[in-house]
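Thank you all for coming.

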Amino acid sequence: MAKTNRPKKPNLKSATKSAAKSAASTDRDQIKPSAAVLKAWRLAVRTRLNAYAPYSKFQVGAALIDENGDHHPGCNVENASYGGTICAERNAMLRAVADGAKSVTDVIVVTDMNPPAVPCAMCLQVLSEFSQTETRVWLADLKGIKDSVLISELLPRHFGPKALARGLAR
Ligand SMILES: [Zn+2]
């Protein structure tokens, strides 16, 4: 299973930028998607077909795996008032929370892009609220999973509940 093969997160405090990048690359080379991740990928591919993207024509599917192994899909939903648009990843995250999920172990994102698209910064912020250090983002297209990266690599110093607690304590 992918979980047991996950190497320890590189220590970014002491590592140089290039060393951290190298560790991340090695990490990606070694990680194979589990059966649960492949199932989530298929769900994301199907859900992408429901994307409402009349303005960008950019369809995105997503699926999350929660702490119980349950899968939660999402697609992007655009709006004529562009600011009302929501990405597939946040759609999936909000659905997961509504379904009772407390945390996320895996995030699958499917586009027809090459190389595959990564979540936008706003989605990373929302996903990080419910992620662990080991939460993995799987980047995929319609043929399969192409790459993966830890969410903590994509957004290493996210604004989280701890930062807010410190602010309130002042
Ligand atoms: Zn997004």
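In which hand of crossing does H4 pass H5? Please keep in mind, while you look, that this is a predicted model. The answer is that H4 passes H5 in a left-handed crossing.

Let me stay with this pair for a moment. Two packed helices are described by the angle between their axes and by the distance between those axes. Here helix H4, which covers residues 88-98, and helix H5, which covers residues 121-129, have axes that come within 9 Å and cross at roughly 20°. Because angles under 35 degrees count as roughly parallel, H4 is roughly parallel to H5. The residues that meet are Glu89, Arg90 and Met93 from H4, and Cys123, Val126 and Leu127 from H5. By class, this contact has 4 nonpolar and 2 charged residues, with no polar ones.

Now let us look at H4 by itself. Its buried residues are Ala88, Glu89, Arg90, Asn91, Ala92, Met93 and Ala96, and they pack against strand S1 (61-66), strand S2 (71-75) and strand S3 (104-110), as well as against H5. Just after H4, Gly100 takes a positive phi of about 105°.

From the side of H5, we can pick out Leu124, which is found in that helix. Leu124 and Leu155 are 31 residues apart in sequence, yet their C-alpha atoms are 6.7 Å apart in space.

Let me step back to the chain as a whole. The protein chain has 7 helices and 5 strands, and of its 170 residues, 32% count as buried. The largest nonpolar core has 33 residues, of which Trp41, Ala62, Leu64, Val107, Ile108, Val109 and Trp138 touch the most other members.

Leaving aside neighbours within four places in sequence, its contacts include Ala88, Glu89 and Ala92, together with Val107, Ile108 and Val109.

How values were computed
Residues numbered from 1 in each chain as written. Predicted model: local features only at pLDDT ≥ 70, side-chain atom pairs only at ≥ 80, totals over all residues. Axes fitted to C-alpha atoms, helices over the stretch in contact; angles between N-to-C directions. Helix = DSSP H or I, 4+ residues; strand = E, 2+ residues; numbered from the N terminus. Parallel < 35°, antiparallel > 145°, perpendicular 65-115°, else oblique. Left-handed = near helix turned anticlockwise from the far one by under 90°. Contact = placed C-beta atoms within 7 Å. Nonpolar A, V, L, I, M, F, W, Y, C, P; charged D, E, K, R; others polar. Buried ≥ 20, exposed ≤ 12 C-beta atoms within 10 Å, placed from the backbone. Core = buried A, V, L, I, M, F, W, Y, C linked by C-beta atoms within 7 Å.
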